[in-house]
Every structure is written in C-alpha cells, then in structure tokens.
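Dear colleague,

Please find below the structure for your review.

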Amino acid sequence: MTLQTQITERPLITCSAHATDPVAAVAELRAAVGGAELAGALLFCSHTYPRDALAAALNEGLPGLPLIGCTSAGEVTDRGYDSDSLVFIGFPAQDFSIAALRFEALDHFDGEGAQRAIRQLVASARLDHAAYADELYQVALFLVDGLSHREELLTMTAQHALGDIKLIGGSSGDGLSFRETGVFHEGRFHTDAAVIAVLSSRRPLHVFSANHYRPGPAKMVITEADAETRTVFEINAAPAAEEYLRLTGSSATALDAHFFAAYPPMVRTGGQSHVRSIQSANPDGSLTFYCAIDTGVVLSIGEPVDRLVQIRDLFGALRDTVGSIDHIITFDCVLNRIDAEDRQIVREVSKLYVENRVLGFNTYGEQFLAAHMNQTFSGLAIGRANLSPTS
C-alpha cells in the first residue's frame, strides 16, 4: 500500500453583496454559505445600510452564526476597492474556531478587568485545541469604534493580555462623515464599543502591516496639543494648520482628506517610522488627528514610495511565509484609498488586491500588535489547507 498526499480544500466562504435592501443583500450572503458549517464569520458593511434593518436581516438570514464586524469607510471586495457593499468572510468549522468578547463604554474602560477577560478567552481557546497545541496558529482580530479615541489604550491592553498571540484589526468608519460608527457583535451594532476575537487554526495565519511612505526632510514639533481630543493647536510655535501647510511646500489652500493623504505626518518610534494621520482642519486653525498626539512629539512630512512595487513585494513575502494563500483579510486605511484615487492608481491597486484574494474594509485607523496606527495596509494572511496523508 502506497501512501499518497492530497490537499483537502476547505476554502473560506466569502461573498460581497451590493443590493441596497438589507434583506436582499443578506440573501446573497446566505446563498454563498449554503450548507457549509461555519465556526464564525466577519462582516464589513457600508455605513449607508440602515443598521437596525441590517442587523435584523442578518439575525433572520444567518441564525445562530457567530458574527462580528463593523461599519466601514469603504470596502475591499472581490472587485478590489468598492463601496455601498457588504463583505462576508466565513471560517469553516472543520479548520477554524473563533471566540469573541465585547467591551463597551470605552470612556470608562477597565484595563485590569479587560486583561482578565482576555486571558480567560485565550486560555479557553487553547484548552479547546490542547490535542494539537504544537500545530496551532492563533491570532486576535480586533474591531473598535473609530470615533472612540480609545484605540491606543485598548490595543496596548489587549496585546499585553494576549501574550504571544498577535493582534490585528481596524477602527470602524462611516464614510468620512465622522458622526457615528458601529461594531457588530451578538446580533446588533454597538457604538462606543470594541470586539476582540481569538481565531484558531492549524492552517497558517500571519499578520502584517506596511505603509506606503518614508519620512521627508521637513520636520515639525508639536508645541501645543490636547491629548484627550487628539487636537494640535500649535506646530513649531505657530498656528498648527498654517505651519503644517507651509512645511508641505504645497500651494494648495484647502486642507482636506485628499491633502492629508498626500502629506502624512510621520513619527519615529521603536526604530521605525509610522504615520499619524490628520483627520480634519478646524475653523480655529487647529488640526485633529486620527491617533494619539501630544505636546513635544516630533514629526516628519511623509513622502510616497512606489506603492505598486511595494505591494507586489509584500504579497510575495506573504506567500513565502504561509505558502499558497486562501485569502488576505485587510484593514486598509481610508486615506490609502483616497491617495490611490488622487494618484490615479486605484485600478492597479484593485487588480493586485483581486489577484491576491484580498478582502476587508477601509478603516479610520489600524491596530497591529500593541500599536494603533494610520495610513497602513495591514492584515491577516491565511494559508490554504495543509497536505494530509491518505492511503
């Protein structure tokens, strides 16, 4: 008798829906799932869907399915960059398990209590897979209200409690309205909330984060800021918006999302440079940031690298790490999308995403390990099923 090997394919169940009616959109998701048994699923949805109606449709159309997700500032579907859509990613029960918990009232976040709850979640997940612990891959998926201003605290707290399980995630959006975002868990959308889920599998799981900029020569020091509201009033002892515009060397007069995407402030920490994006320019001449900022921080104005080359190289490195890729779940900053539109490379970026089976959403910020960042292309690469012996 000769031993042979074969690949037992258990691909993720994925679907994107574009029907404007929530019931019709969820019907498309239900059709994609068919009779598949899922351990759980992710859902990323346009802010244009009425949330209560969408939640009701999901509960009726996909009853009993553990589902987490959030509203977006744009979606990444099987078309590439997309909008006014739903993205569904289902994890087959034979290959995955997923367990989640939610934190609410983030202004009153209890760090010690959260760490205890997360450690219990991790212990339970590992106990469930004790029989093949040496072959187990685990990551933590994190979704948080993108208007909460609590991402840094939650991310650091969660990663500390997770230990060697790496965290990846994104901040929910509402299409640049900045009014209200939603995180979906246990059958409804929640504001001022975050969800963390431990995803376990014997299939390769690898998290990553990259940005498309390098620090330029222009420097700025934050000389007056309100850390609580992420508002900067002075840069280099001058009015913040005025000095930022001067340092970019641009002749533009309007400071908007397109401008912020093209000239991202960058900070160097831990030997690496990260973007700290600006959310808005305010009538009083101040600037509001997407992430933590405070007096004394030194920033550079970022300059773009060749994004297409960088993305191709990244996908090659991911294949080297996990082998054949089932899908890549992305948390891709909305400013990346805006900048791609302005540089007229949306079609090329979308083509690369489609070719490499990238699905996800455009965020108000990304979480990678213990850090909350902006203007990154972050995500989770999931390998295909391993070879298994048969007779």
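Rings of Phe, Tyr and Trp (its six-membered ring) are taken as a pair if their centres lie within 6.5 Å; planes under 30 degrees apart count as stacked, over 60 as edge-to-face and the rest as tilted.

The model is predicted, so local features need pLDDT of at least 70 and side-chain atom pairs count only at pLDDT 80 or more, while totals for chains, interfaces and linings use all residues. Residues are numbered from 1 along each chain as its sequence is written, and side-chain values use heavy atoms, leaving out hydrogens and water.

Tyrosine 244 belongs to helix 5 (residues 240-248) and phenylalanine 259 to helix 6 (residues 257-262), so the pair ties together parts that are 15 residues apart in sequence. Helices (H or I, at least four residues) and strands (E, at least two) are DSSP runs, numbered from the N terminus. Tyrosine 244 has 0% relative accessibility and therefore counts as buried (under 20% relative accessible area; exposed is over 50%, partly exposed in between; 1.4 Å probe, protein chains only). Phenylalanine 259, at 6%, counts as buried too.

Tyrosine 290 and tyrosine 364 form a tilted pair, with 5.8 Å between centres and 45 degrees between planes. Both tyrosine 290 and tyrosine 364 are buried.

Finally, nine of the 12 residues of helix 4 are buried, and glycine 163, which follows this helix, has a positive phi near 65 degrees.

Yours sincerely
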